[in-house]
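We will go from stop to stop, selecting as we go.

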Amino acid sequence: IIGMAYLALNTDLSPKQWGYLTKIQSSANTLLGIINDILDFSKIESDRLDLETVDFQLEEVLSNLTNMMAYKAHEKGLTFLIHTAPGIPASLQGDALRLGQILVNLVSNAVKFTDSGEVVLSIEQVGEKPEQIVLQFTVSDTGIGLTETQISHLFEAFSQADRSTTRIYGGTGLGLCICKRLVGMMKGDIQVESEPGKGSAFTFTAT
């Protein structure tokens, strides 16, 4: 459906047809995201989700993230920035796909819940062991923020900030739960600092 909608959008269309196909494509992508979340959550619950350990370039992960998120940020008039501290090795070993999944989830949420201002991803090295380094990733935004009560339930399965979140913004409430499990599998931790009306900062570490 997504592929055929994409092909159809590259043909001559009336404005009404273009509108219909755009909605089909958007809805199909949303459904695909829900299916992927449920499948990942099921694998985690069944202890069937394994991480790869392969060579990868951090720059490629960040480039893919930019390709996916820059347009969404631009659509909302937001600035999207990535700050990488000097000294981080260009070549790493680990699961680049799952690292990218965590970053996409956090940045996507930041864009979704921010109406003006900026979304910033900062990366720095915070630890080192023999043949291993610990990286810290922080995604900060100038969005709607969260209360302490909302934060306390944020990483629970099928949980969102409040009942209106699904109605207004969509989503399954599984994304952050999956992120927390993946970060744990990367020998890291995830936490959030936030204040209502003043934005949020999600920070996680990965070995």
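How do the residues of the lining of the second largest pocket divide into nonpolar, polar and charged? There are 12 nonpolar, 6 polar and 4 charged, where Ala, Val, Leu, Ile, Met, Phe, Trp, Tyr, Cys and Pro count as nonpolar, Asp, Glu, Lys and Arg as charged, and the others, Gly among them, as polar.

Before you select anything, note that this is a predicted model, in which local features need pLDDT of at least 70 and side-chain atom pairs pLDDT 80 or more, while totals for chains, interfaces and linings use all residues. Residues are numbered from 1 along each chain as its sequence is written, and side-chain values use heavy atoms, without hydrogens and water.

**Stop 1: the pocket**

Select F56, Q93, G94, I133 and T207, which lie nearest the centre of the second largest pocket among its 22 lining residues. A pocket here is an open set of points on a 1 Å grid over the protein atoms alone, where a 1.4 Å probe fits, with protein on both sides within 12 Å along at least five of seven lines; lining residues have an atom within 4 Å of a point. The space inside is about 560 Å³, taken as what is filled by probe spheres set on the points, which are joined across faces, edges and corners. Now colour β3 (91-94) and β5 (132-141): each gives the lining at least two residues. Strands are DSSP runs of E, at least two residues, and helices are runs of H or I, at least four, numbered from the N terminus.

**Stop 2: the sheet**

Follow β5 into an open sheet of 5 strands, ordered β2-β4-β5-β7-β6 with mixed pairing; two strands pair if DSSP finds at least two bridges between them. At the edges are β2 (79-84) and β6 (190-194), each pairing on one side only. Next, show β7 (residues 200-206), which pairs with β5 in the antiparallel sense over 6 bridges. Select S140 to find it opposite A201 in β7.

**Stop 3: T205**

Staying in β7, pick T205.

**Stop 4: helix α4**

Show helix α4 (residues 96-112), which lies across β2, β4 (118-129), β5, β6 and β7. On this helix, select Q101, which is partly exposed at 22%. Q101 touches D40, I178 and L182, not counting residues up to four places away in sequence.

Methods:
Contact means heavy atoms within 4.5 Å. Axes are lines fitted to C-alpha atoms, for helices over the stretch in contact, and angles run from 0 to 180 degrees between N-to-C directions. Buried means under 20% relative accessible area, exposed over 50%, partly exposed in between (1.4 Å probe, protein chains only).
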